[in-house]
Amino acid sequence: MGMLISNEPDFMIHGVLKYQMFGQDFWITTTTIGMWIVTVLILIIAVMANRALKNATDVPGRFQNALEYGYMMLEQMGETILGGNTKRFINYIGTIFLFILFCNLSGLLGLRAPTADYGVTFLLGMVTFFIVNYQGIKNHGVGHFTSLFQPTPVLFPINLIGELANPLSISLRLFANLLSGVIIMGLWYGMLPIFVNIGIPAALHAYCDLFSGCIQTYVFCMLTMVYVNDKL
């Protein structure tokens with residue numbers, strides 16, 4: 001997050017490489033690179049986890065213990081809302097949990113958090129939106145649509161807006177919280193003297209990246225499970 005020390009704030013919003021497709025100019029940005037790095041890290045951990053669990057022993061090592069503990073915590077989080085349906089959705093919840101968490105924490109590595117870009121959080125919200133509506137149609141059929149007219153047809157506009165607002169609310173909440181951290185750190189590094197950039201920013205990173213990042217990951221996943229559970 002804005003790690004450069006200069007006379008102007010740097011919010012790490014840069015175009016790295018421009019290319020053309022279908023006659024239009026497109027950019028590979030710092031957000032794109034951040035997502036690539038996060039994806040590679042998750043894939044590496046997934047491969048290591050797969051090997052560790054395939055070669056599991058009666059006396060598990062630290063890595064295997066960490067994997068099992070993480071899965072147990074994720075399962076417990078899901079059971080508080082989804083109950084017996086947790087295993088049906090734990091793969092999706094676990095995937096977005098890891099992706100959002102790694103994106104949020106990437107600021108600790110000097111990257112611009114991909115989740116500080118609304119294009120990323122909006123797509124995450126839309127994926128949740130499609131899963132929620134798919135479950136609604138699958139489990140309730142036509143009732144998924146007629147429920148918008150309950151308890152009275154007069155409330156149809158409000159119910160419809162409420163359904164459409166779900167992906168916007170969870171995506172905007174995640175985006176706004178991460179963007180605010182990027183702005184705070186960019187202003188701090190860019191506008192204050194160099195002697196206050198030693199030591200003090202560590203506390204800000206601990207809050208903006210670590211604390212806020214973990215909380216927003218938890219909130220996004222919890223709300224996703226609430227929306228899904230409402231359609232089961």
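Start at the N terminus and run down the chain: the elements come in the order β-β-α-α-α-α-α-α-α. That makes 7 helices and 2 strands, with helices being DSSP runs of H or I of at least four residues and strands being E runs of at least two, each numbered from the N terminus. Before going further, note that this is a predicted model, where local features need pLDDT of at least 70 and side-chain atom pairs count only at pLDDT 80 or more, while totals for chains, interfaces and linings use all residues. Residues are numbered from 1 along each chain as its sequence is written, and side-chain values use heavy atoms, with hydrogens and water left out.

**Whole chain**

Zoom out and show the C-alpha trace, which spans about 60 × 55 × 40 Å along its principal axes. Of the 232 residues, 35% are buried, meaning under 20% relative accessible area with a 1.4 Å probe, protein chains only.

Now try contacts (heavy atoms within 4.5 Å). Among those between residues at least 6 apart in sequence, 66% join residues at least 24 apart.

Colour by charge next, with Lys and Arg as positive, Asp and Glu as negative, and His and the chain ends not counted. The 10 positive and 11 negative charges have mean positions 7 Å apart, placing each charge at NZ of Lys, CZ of Arg, CG of Asp or CD of Glu.

**Cysteines**

Select the cysteines and look for disulfides, meaning pairs of cysteine sulfur atoms within 2.5 Å. The whole structure has 0. Click on cysteine 103: its closest cysteine sulfur is in cysteine 221, 12 Å away, so the two are too far apart for a bond. Cysteine 221 is in no disulfide either, and its nearest cysteine sulfur, in cysteine 214, lies 11 Å off. Cysteine 103 is buried at 0% relative accessibility, and cysteine 221 is buried at 0% as well.

**Glutamine 216**

Last stop: helix H7, residues 200–229, which holds glutamine 216. Is this glutamine buried or exposed? It counts as buried because its relative accessible area is 9%. Show its neighbours and, leaving aside residues up to four places away in sequence, you'll find Asn104, Arg173, Leu174, Asn177 and Leu178 touching glutamine 216. Then draw the distance to asparagine 177: the two side chains make a polar contact at 3.5 Å. Such a contact is a pair of N or O atoms within 3.5 Å; within protein, one must be able to donate a hydrogen and the other to accept it, and residues adjacent in sequence count only if both atoms are side-chain atoms.

Key. Buried means under 20% relative accessible area, exposed over 50%, partly exposed in between (1.4 Å probe, protein chains only).
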